[in-house]
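Please work through each task before reading its solution.

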Protein chains: 2
Amino acid sequence: VVADYSLYFVADAGFAAGRDLLPLIEAAVRGGVTAVQVRAKDLPVRQFLDLGRRAADSLKRHNIPLIINDRLDIALACGAAGVHLGQDDMPVSQARKIVGRRLVLGVSANNADEALEAERLGADYIGLGPIYATSSKTTDLPLVGEEGIRRLKGRVRIPLVAIGGITAANARAVKEAGADGIAVISAILGAPDPEAAARRLRTSFPA
Amino acid sequence: VVADYSLYFVADAGFAAGRDLLPLIEAAVRGGVTAVQVRAKDLPVRQFLDLGRRAADSLKRHNIPLIINDRLDIALACGAAGVHLGQDDMPVSQARKIVGRRLVLGVSANNADEALEAERLGADYIGLGPIYATSSKTTDLPLVGEEGIRRLKGRVRIPLVAIGGITAANARAVKEAGADGIAVISAILGAPDPEAAARRLRTSFPA
């Protein structure tokens, strides 16, 4: 079964700023997200593990994959479905050697070269971005834009998940450019009603 | 083969403050260290991996085990012999489930309860400390002292490696209290001649 990355919620502990992420993840699931990543760069390992385990338990009941950011060991320990690797994290070829087919491996890419390289080295999907300017992640990377999606589309066979500044207002343009999915942080975590926000994104970017 | 933890060098990237750790590790090996841990809490993953791989290659030639601090995934990726887990890191029982017998697992303990629990859950050795006051790690933990080593000795079967404020001047007292090994950061990394410093420790705490 190929996972559905069409509405991919990145639950970022840093952005949540102390709020427990689990109720926010569950609200997003009610709103229609199809995949969830837990990102917790600055959380102590035991808290990251605890959050990961609770999220894995909850998401399994909905048959929604949980992806852990960066740490393969935490993904394995909490029974997650996969790991998402940034360009500064472990190379996907090495991650694949460690986990074999036990975990889905996603890789961040900012351009066609990085995306093609990630696919060649064994990635299961690409997180392509930043598409638009975004406040939830500080970066010096050039914007990919809709044109960048369009140029890459058809050159990789694995799913292309667009990330960075995506909202219900621009999601349709991202889909028309060729993205297989959209990933969001602030469009859900920064919304007054995360469930309603997920539902609006779902409408703008149907599976 | 049981590893020799009698002179255990913790090569801490934070303490090294930008110096490449590999030549320092190699100097410590010439001076007689029997085990090396690489600790790099704040290093980007790719730098941590690169350092780990270079250290693993070098140490294999000397048949000295490389232990990686905290991250099982990095230990697996760089071919290390083991992982050292603090009380805030992944519980050793879970780490064991992930790596089986592929890696040695060490656990930090501050008292008998933590040490006995770690042994029960599958640790291969205990890092017991802080024995004395130390400048290289800020901590609120109570000092274990020589008396703490003496009280624990005979109650655990796995090796007890004493850490915290150990120098060539007090190493003999630590051995007499019953430690199977000593672990040091600043006594080697803070010395003007790390090789000579390791050699002095080796003399004060023979294997």
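Two rings of Phe, Tyr or Trp (its six-membered ring) are taken as a pair if their centres lie within 6.5 Å; planes under 30 degrees apart count as stacked, over 60 as edge-to-face and the rest as tilted. The model is predicted, so that local features need pLDDT of at least 70 and side-chain atom pairs count only at pLDDT 80 or more, while totals for chains, interfaces and linings use all residues. Residues are numbered from 1 along each chain as its sequence is written, chains are lettered from A and ligands numbered from 1 in the order in which they are written, and side-chain values use heavy atoms, with hydrogens and water left out.

**Exercise 1. Aromatic rings**

State how many aromatic pairs the rule gives over all chains, and name the residues of one aromatic cluster.

Solution. One cluster is made up of Tyr5(A), Tyr8(A) and Tyr125(A).

**Exercise 2. Charges over rings**

Over which ring does the charged end of Lys175(A) sit? A charge sits over a ring if NZ of Lys or CZ of Arg is within 6 Å of the ring centre and within 35 degrees of the ring normal.

Solution. In chain A, the ring is that of Phe205(A), with the charged end of Lys175(A) 4.4 Å from its centre. In chain B, the charged end of Lys175(B) sits over the ring of Phe205(B), 4.3 Å from its centre.

**Exercise 3. Helix 2 and helix 3 of chain A**

Describe how helix 2 and helix 3 of chain A pack. Helices (H or I, at least four residues) and strands (E, at least two) are DSSP runs, numbered from the N terminus. Axes are lines fitted to C-alpha atoms, for helices over the stretch in contact, and angles run from 0 to 180 degrees between N-to-C directions.

Solution. First, the axes of helix 2 (residues 21-31) and helix 3 (residues 45-61) of chain A come within 10 Å and cross at roughly 20°. Angles under 35 degrees count as roughly parallel, over 145 as roughly antiparallel, 65 to 115 as roughly perpendicular and the rest as oblique. Helix 2 and helix 3 of chain A are therefore roughly parallel to each other.

Next, the crossing is right-handed; a crossing is left-handed if the near helix is turned anticlockwise from the far one by less than a right angle, and right-handed if clockwise.

Finally, contact means heavy atoms within 4.5 Å. Leu21(A), Leu22(A), Ile25(A), Glu26(A) and Val29(A) of helix 2 meet residues of helix 3 including Leu51(A), Arg54(A) and Ala55(A). By class, the contact of helix 2 with helix 3 of chain A holds 7 nonpolar, 1 polar and 3 charged residues. Here Ala, Val, Leu, Ile, Met, Phe, Trp, Tyr, Cys and Pro count as nonpolar, Asp, Glu, Lys and Arg as charged, and the others, Gly among them, as polar.

**Exercise 4. Helix 2 and helix 10 of chain A**

At what angle do the axes of helix 2 and helix 10 of chain A cross?

Solution. The axes of helix 2 and helix 10 (residues 194-204) of chain A cross at roughly 35° and come within 7 Å. This crossing of helix 2 and helix 10 of chain A is right-handed. Their contact has 5 nonpolar, 1 polar and 4 charged residues.

**Exercise 5. Backbone**

Locate the cis peptide bond of Pro130(A) and describe phi of Ala17(A).

Solution. Most residues other than glycine have a negative phi, and most peptide bonds are trans. A cis peptide bond joins Gly129(A) to Pro130(A), with omega about 0°. Pro130(A) lies in the loop between strand 6 (125-128) and helix 7 (145-152) of chain A. Ala17(A) has a positive phi, near 50°, and belongs to the loop between helix 1 (13-16) and helix 2 of chain A.
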